[in-house]
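Please find below a colleague's note, intended to be read alongside the coordinates.

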Amino acid sequence: MDEKKETKEVEETHEGGKFLANRRQFLGAFAGIVGAAGALQVGVPLLASFKPVQRGKPEPVTLNLGDIPVGGFAQAVYAGSTFLAFNRKTGIECISLKCTHLGCFVKWEADKERFQCPCHDGWFDKNGVNKGGPPPAPLELLPFKVAGDKLIVGGE
Ligand code: FES
């Protein structure tokens with residue numbers, strides 16, 4: 001008996017193109033929206049994890065030597081990690097900014113001529129040699145070659 005009343009009530013609310021939701025309909029719609037949001041939150045990262053990972057050697061990075069003045073540096077990314085290509089009087093050095101402790105991104109402090117890791121206060125000298133804090137090894141020196149006016153980093 002009560003079901004008939006409720007059904008009749010719902011039908012009546014649809015008349016005239018108006019939709020007046022009752023509590024059950026509202027909760028159903030709300031649960032659907034929350035469920036869809038949850039599915040997106042889980043589904044998008046899951047689908048992204050299916051993206052193929054790079055196999056083999058990473059592609060080399062080419063920089064214009066003219067863009068790196070003597071005493072200066074250029075920043076670029078090789079194999080997913082940022083590095084600095086220094087053009088020093090002693091020669092070129094390409095130093096990865098990935099800390100050898102737990103992989104944080106170290107910062108170049110030009111005024112102190114050193115790399116500082118913000119995570120655990122490790123630091124490296126201007127050549128990337130670990131000098132203080134927990135880093136167990138120097139920063140990675142990336143292989144490079146000079147071809148004309150180009151600096152080609154990696155790919156070896
Ligand atoms: S990650 Fe750099 S010092 Fe720990």
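The numbered points that follow concern a predicted model.

1. Helix α2 covers residues 23–49, a run of 27 residues. From the first C-alpha to the last, α2 reaches 39 Å, close to the 39 Å expected at 1.5 Å a residue. Of its 27 residues, the number buried is zero, so α2 lies largely in the open. A residue would need 20 or more other C-beta atoms within 10 Å of its own to be classed as buried.

2. Strands β9 (residues 144–147) and β10 (residues 150–153) pair in the antiparallel sense, with four bridges between them. Within this pairing, V146 stands opposite L151 of β10. The hairpin formed by β9 and β10 has two residues between the strands, and G148 takes a positive phi near 65° there.

3. Two further backbone angles deserve attention. Most residues other than glycine have a negative phi. A79 counts as partly exposed because it has 18 C-beta neighbours inside 10 Å.

4. D121 likewise is not a glycine and has a positive phi, of about 65°. The loop that holds D121 runs between β6 (114–116) and β7 (123–125). Is D121 buried or exposed? With 10 other C-beta atoms within 10 Å, D121 is exposed, since the class takes in residues with 12 or fewer.

Note on methods: Residues numbered from 1 in each chain as written. Predicted model: local features only at pLDDT ≥ 70, side-chain atom pairs only at ≥ 80, totals over all residues. Pairing = 2+ DSSP bridges. Expected span 1.5 Å × (residues − 1).
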